[in-house]
Amino acid sequence: MRNVTADTITEAVLQTIADTTEPRLRRIMTSLISHLHAFAREVDLTPEEWMAAIEFLVRVGEATKTERNEFILASDTLGISALVDLSHNRASGGATTSSLLGPFYINGERMQPLEVGGDLIGDNDGEPVVVAGRVTTPQGAPIAGACLEIWQNAANGLYESEDPEHGPGNLRCKMLTDDEGRYRFTTIKPIAYTVPYDGPVGTMLQALGRHAWRPAHIHFRISAAGYHPLITELFVADDAHIDTDAVFGVREPLLVDFRRIESAEEAAAYGVTEGYALVTYDFGLQPVA
Ligand code: BEZ
Ligand code: FE
């Protein structure tokens, strides 16, 4: 290998992994090495440029913490998260389409348990809304005891993990569906916000002349025994940024209307008063084959 050249280096590296016994690992690494080398050749990458890329990755690592995953943000803004999600979307015949997890999902103790019909608003300012529906099989049969993990931003555009003003767990909860597969909670209408751009990913977006806006949405991760977990988001249909999401997460079936509740009877049926908006949405889970 002492006579390796720019023409032979790719083959030399590939030979070193030819005996890797795990076939999927071999396939992925062979393709990754080949594409990276082809990319470096195609743009005639200089040592300074490659070092800048490595320093970018170091800064992404340094910016990553429990409350914020800068690697996910990089993956999201470059469209890799959307590509992988879209390629493996389990939506078909009654199962709900998936979307992005984003960097602000936190499992564990920051998700306050909430009963069906519970209140997430607490002391948040904002437009009150009741969100209700069912979790079902693709055929529409209710799934009792499905766990919904729900998180969204506050009236200042921030998730609680970005915002010392709000206590841990603000506008985050987990809820189990009732015997008829129903869920329901009151919250505030989410607002459009910018993905965090005070880190290396923000620097990249700025250098590329890109904006950082996401249309308003509520995140859901829904799991139940015997079903594939569903990671998805419900988007405010008339948001100004609906067609220019900085992370490519919007899917037509996930757009919802926040409509005004029309009567005292309708409000009562959802356990609220007439000042609330209403969003209804049923989620379909795909069974594990
Ligand atoms: C989010 O919706 O929380 C999000 C998704 C991708 C990147 C940044 C934020
Ligand atoms: Fe979000």
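Predicted model: local features only at pLDDT ≥ 70, side-chain atom pairs only at ≥ 80, totals over all residues.
Visitor: How far apart do the C-alpha centres of domain 1 and domain 2 lie?

Guide: The protein chain is divided into domain 1, residues 1-45, and domain 2, residues 75-284. Between the C-alpha centres of these two domains the separation is 41 Å.

Visitor: Are α3 and α6 parallel, perpendicular or oblique to each other?

Guide: Helix α3 covers residues 47-63 and helix α6 residues 200-207; their axes are 8 Å apart and the packing angle is about 135 degrees. Angles over 145 degrees count as roughly antiparallel and those of 65 to 115 degrees as roughly perpendicular. The relation of α3 to α6 is therefore oblique.

Visitor: How many residues of the contact of α3 with α6 are charged?

Guide: From α3, Phe 56, Arg 59, Val 60 and Ala 63 meet Pro 200, Val 201 and Met 204 of α6. The residues of this contact include 6 nonpolar and no polar ones, and the number charged is 1.

Visitor: Which word describes the site of the iron ion (ligand 2)?

Guide: Tyr 159 (OH), Tyr 193 (OH), His 217 (NE2) and His 219 (NE2) coordinate the iron ion (ligand 2) at 1.9 to 2.1 Å. In sequence, these donor residues follow the spacing Y-x33-Y-x23-H-x1-H. Ideal angles for six octahedral donors are 90 or 180 degrees. Among the 6 donor atoms of the iron ion (ligand 2) the angles run from 57 to 165 degrees, and the site is irregular.

Notes: Residues numbered from 1 in each chain as written. Chains lettered and ligands numbered in written order. Heavy atoms only, no water. Domains from an automatic or database assignment. Axes fitted to C-alpha atoms, helices over the stretch in contact; angles between N-to-C directions. Helix = DSSP H or I, 4+ residues; strand = E, 2+ residues; numbered from the N terminus. Parallel < 35°, antiparallel > 145°, perpendicular 65-115°, else oblique. Contact = heavy atoms within 4.5 Å. Nonpolar A, V, L, I, M, F, W, Y, C, P; charged D, E, K, R; others polar. Donors = N, O, S within 2.8 Å, 3.2 Å for Na, K, Ca; no water. Tetrahedral: all angles 85-135°; square planar, octahedral: opposite > 155°, others 65-115°.
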